[in-house]
Amino acid sequence: MIPPLYPGTSGLHEGRTAQTLDSETLAQVRNEGEELLRDLIELFLREAPERLELLAAAIAKGDGRIAERAAHTLKNSAAILGAVSMQTVAATAEIAARDGKLSEVAALLDDLRLKSEAVIAALIEERSRLDKPRAAE
Amino acid sequence: MLKALIIDDSPFARRVIRHHLIKFGCKVVGEADSAAQGMRLFNELRPELVTMDVMMPEVGGVDSLTCFQAMRQNMPDLAVIVVSSVPFNKIRETFLKEGALAYVVKPFNQFSFESVRQKLMRHFSASGRLPAELVNQ
């Protein structure tokens, strides 16, 4: 039996985080250390809007390959932080882009933006939660 | 301390992989976001362990498999962990047949890196270069 790398979880947070991010996945990252979680949050806040812009530009140019790459990266980033709903839409967009169905990707773009904004809001909330003990010192 | 190189176009994945390699007692000597850059850094830094993403944008005509084969030819006992979001058996078998130590599918879960650690232990134990950090997890 392989021992788990992430023993235990720190419980389900209330509020936006619980609805948008899978609590177990997030707890696994948190249990690996605050520094890792902080870095991943900062990376997501920076990368997700850039990748969404790249995806929109690729759709406008009719470039399926770049659209596929952008959706692929968004899918993987979402997966690491447990943003399941965003991950699902990005995965659908990736497959559609791979199949050259850019009109389908375009139809998913607004939903993907909304889901990304929700994830960003939840991550900002999570970051504030991390800052709280420090502020109390 | 094992010298490790990470080749992955996702900053997210690189950050998570770096975290786990450091936990394993590795020294991450370089990070590349393409196979071509990975090849350059491999030649320059001579790592003993490389983690490599399969699906990366091709730069300068160098794809992941070409990079993988060139590195292994240059250093036959190099430990290469292939990291991929492509769970297809054909690709997995191709890399394992070519000598990859492990094929890890993204998104990472709690068992992904434990499985890698065990394979690294076997690999470096066989060559008498087993780092204590890999054992003391």
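Which helix of chain A do A:Glu94 and A:Arg98 both lie in? I looked it up: both sit in helix 5 of chain A, residues 84-98. They are four residues apart there, about one turn of the helix. Helices here are DSSP runs (H or I, at least four residues), numbered from the N terminus.

Ground rules, before I go on. This is a predicted model, where local features need pLDDT of at least 70 and side-chain atom pairs count only at pLDDT 80 or more, while totals for chains, interfaces and linings use all residues. Residues are numbered from 1 along each chain as its sequence is written, chains are lettered from A and ligands numbered from 1 in the order in which they are written, and side-chain values use heavy atoms, with hydrogens and water left out.

**Salt bridges.** I noted that A:Glu94 forms one with A:Arg98, with the closest N and O atoms 3.2 Å apart. The term means a side-chain nitrogen of Lys or Arg within 4 Å of a carboxyl oxygen of Asp or Glu.

**Where the chains meet.** Three salt bridges cross the interface of chain B and chain A. One pairs B:Arg15 with A:Asp39, closest N and O atoms 2.7 Å apart. Helix 1 (11-23) and helix 5 (112-126) of chain B each give at least two residues to the side that touches chain A. Helix 1 of chain B has the largest share of that side, eight residues. By class I wrote down 10 nonpolar, five polar and six charged residues for this side of chain B. (Ala, Val, Leu, Ile, Met, Phe, Trp, Tyr, Cys and Pro count as nonpolar, Asp, Glu, Lys and Arg as charged, and the others, Gly among them, as polar.)

In contact terms (heavy atoms within 4.5 Å), 21 residues of chain B meet 26 of chain A. The two chains bury about 2200 Å² between them, 63% of it on carbon and sulfur atoms. Buried area is the accessible area (1.4 Å probe) that two parts lose on being put together, summed over both.

**B:Arg72.** I found this residue in helix 3 of chain B. B:Arg72 and B:Gly99 are 27 residues apart in sequence, yet 7.8 Å apart in space, C-alpha to C-alpha. Leaving out residues up to four places away in sequence, B:Arg72 touches B:Leu78, B:Val80, B:Glu98 and B:Gly99.
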